[in-house]
Amino acid sequence: MKIKNDRSAFYGTLGETIDIYQAEHAAAAAFAKLGGYSSATRVRCKVVVGHDDSPAADMMTSAVCAALCASGADVITLGLVPSGAVSYLTCVCDAMMGVMITGGSYDRNVSGLKFYQKDGRQVTGELLQAIHDATDVGTSVSCKYAGSISQADPAVIGMYKRNLADASGYTMFESLKVAVDCTGSACAPFVKYVLEQLGASVSLMSGSDTDKPGSYSFENPSLLIDYVSDTESDIGFAFSADGEICIVALPDGRVLDSERLAEVFGRVYGKAYNNEDITPVIMISDNCHIALAPYIKSMGAETKTVTGDYSYLAEEYAAFDSVIMAVDRFNGIIFPRRAYVPDGLMTAVMLLSCMNRMGMSIVELSSAVPKLIRSATTVIIPSGAFIPVLRTTDLEEEIRVKRSYLSGDGRVLMYRPESNKVEIIVEGIKVQQVNKVIEEVEALVRKNLRVPDGTSIYRRPSENNEPKPAAQPAAQSEVQPAEGEYVDFKKES
């Protein structure tokens, strides 16, 4: 079992790095650390548990519920719900703790756990590390008076739906045609109902091949773009597996991710609240694009950039009453006055509400956002190999040369989601340029893969396929980049 790079959750591949026994120990340890059942007082504690749509969700949920029940908790199962629902219902149901069974936003074959405190805030940072350490030593809680397991009443789930409607200000979205792909997402039971209750006409995309990589619009936005065009919709939404992130497809073919949505919200709130006594603040994680803060400031809102992992972002925005939203590239958007965690459904509803408030279509509202084509690939680092620090002078300069092939607002991003992976993202205006750059950057990364003796394991498609000798790097302990390292190779001004 691992802790995610942003210290927000446990995750792993079921049967390899995580199993149901670890899930049981983690749930019991979290219950104890957050002040669970006391044999002295015999006070019952409620715990709400939800899960995503991953293949292992039912099995993991059963294991976690059994461990919590054995620890003395009265468990309320929510079923298939997004992470935002677990956070919200933990608070409003007066539960001691909330648990979300999910592997995160991207890979459905990964399983994991997220924990929420009684006020709805996610367990992160040092507290999550303490739970992880207790899990590693097999900490468990045994209670003489076992708890119970019950299914949530529909009225409980209805409270989350009402919270979304309330976030819209109950402004009706009549005559608005919305295309939605929630295949493989925990948002599936909610999104169509909520949007239709607010007056929108919803076309629900279905029929994706769940066994085929890239079959979800969240993973392959071109699917949603085509669906928006086919249904002649005004806007399209797709949601991550845990429901925390939404992407937005526009009729003109553009796609807005969390960063681009932050630019749109910055424009709305900057104009809407510019004459207020308190200037609105948008909190930005430092993994976001370097141009995001200046753009938002130009729209009349202030920004505060938080350096560190995702847990620090949550801590910082809680200290500012004027924060209207917090943005993290890999975790989505938080609206502190509405939710304590990222919520893709909340983001979608707030965006539609902003369109109504400004009296503008999403195309008009995002007119300053360039139309970029995105391509991504992942380089797997073979066992026994490693890659030197990405910010080495030679490698960085080579990638900057490739970056110069892109025009307009193009960029090259590199991220280490795990120690054996390098994710490469290239954005640009012309598809030919994007495809060329991502191929050449991938080749550069592979060329820089090293084995412990310092030689390259990259074989060039040239004479005899013999690798050229490489300079001896520093010791692996000195050059191995940390998981989660993020590098933005931006164009020099």
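In the predicted model, helix 3, which spans residues 83-92, packs with helix 5, which spans residues 154-167, at an angle of about 110 degrees, and the axes of the two helices lie 10 Å apart. Because angles of 65 to 115 degrees count as roughly perpendicular, helix 3 is described as roughly perpendicular to helix 5. The crossing of these two helices is right-handed. On the side of helix 3, the contact is made by Gly 84, Ala 85, Tyr 88, Leu 89 and Val 92, while helix 5 contributes Val 156, Ile 157, Met 159, Tyr 160 and Asn 163. When the residues of this contact are divided by class, 8 are nonpolar and 2 are polar, and none is charged.

The lining of the second largest cavity consists of Glu 263, Val 264, Arg 267, Tyr 295, Leu 365, Ser 366, Ser 367, Ala 368 and Val 369. Helix 8, which covers residues 258-272, gives the most to this lining, with 3 residues. In terms of residue class, the lining of the second largest cavity is made up of 5 nonpolar, 2 polar and 2 charged residues, whereas the contact of helix 3 with helix 5 has no charged residues.

Technical notes
Residues are numbered from 1 along each chain as its sequence is written. This is a predicted model: local features need pLDDT of at least 70, side-chain atom pairs count only at pLDDT 80 or more; totals for chains, interfaces and linings use all residues. Side-chain values use heavy atoms; hydrogens and water are left out. Axes are lines fitted to C-alpha atoms, for helices over the stretch in contact, and angles run from 0 to 180 degrees between N-to-C directions. Helices (H or I, at least four residues) and strands (E, at least two) are DSSP runs, numbered from the N terminus. Angles under 35 degrees count as roughly parallel, over 145 as roughly antiparallel, 65 to 115 as roughly perpendicular and the rest as oblique. A crossing is left-handed if the near helix is turned anticlockwise from the far one by less than a right angle, and right-handed if clockwise. Contact means heavy atoms within 4.5 Å. Ala, Val, Leu, Ile, Met, Phe, Trp, Tyr, Cys and Pro count as nonpolar, Asp, Glu, Lys and Arg as charged, and the others, Gly among them, as polar. On a 1 Å grid over the protein atoms alone, a cavity is a set of points where a 1.4 Å probe fits but cannot get out, and a pocket is an open set with protein on both sides within 12 Å along at least five of seven lines; lining residues have an atom within 4 Å of a point.
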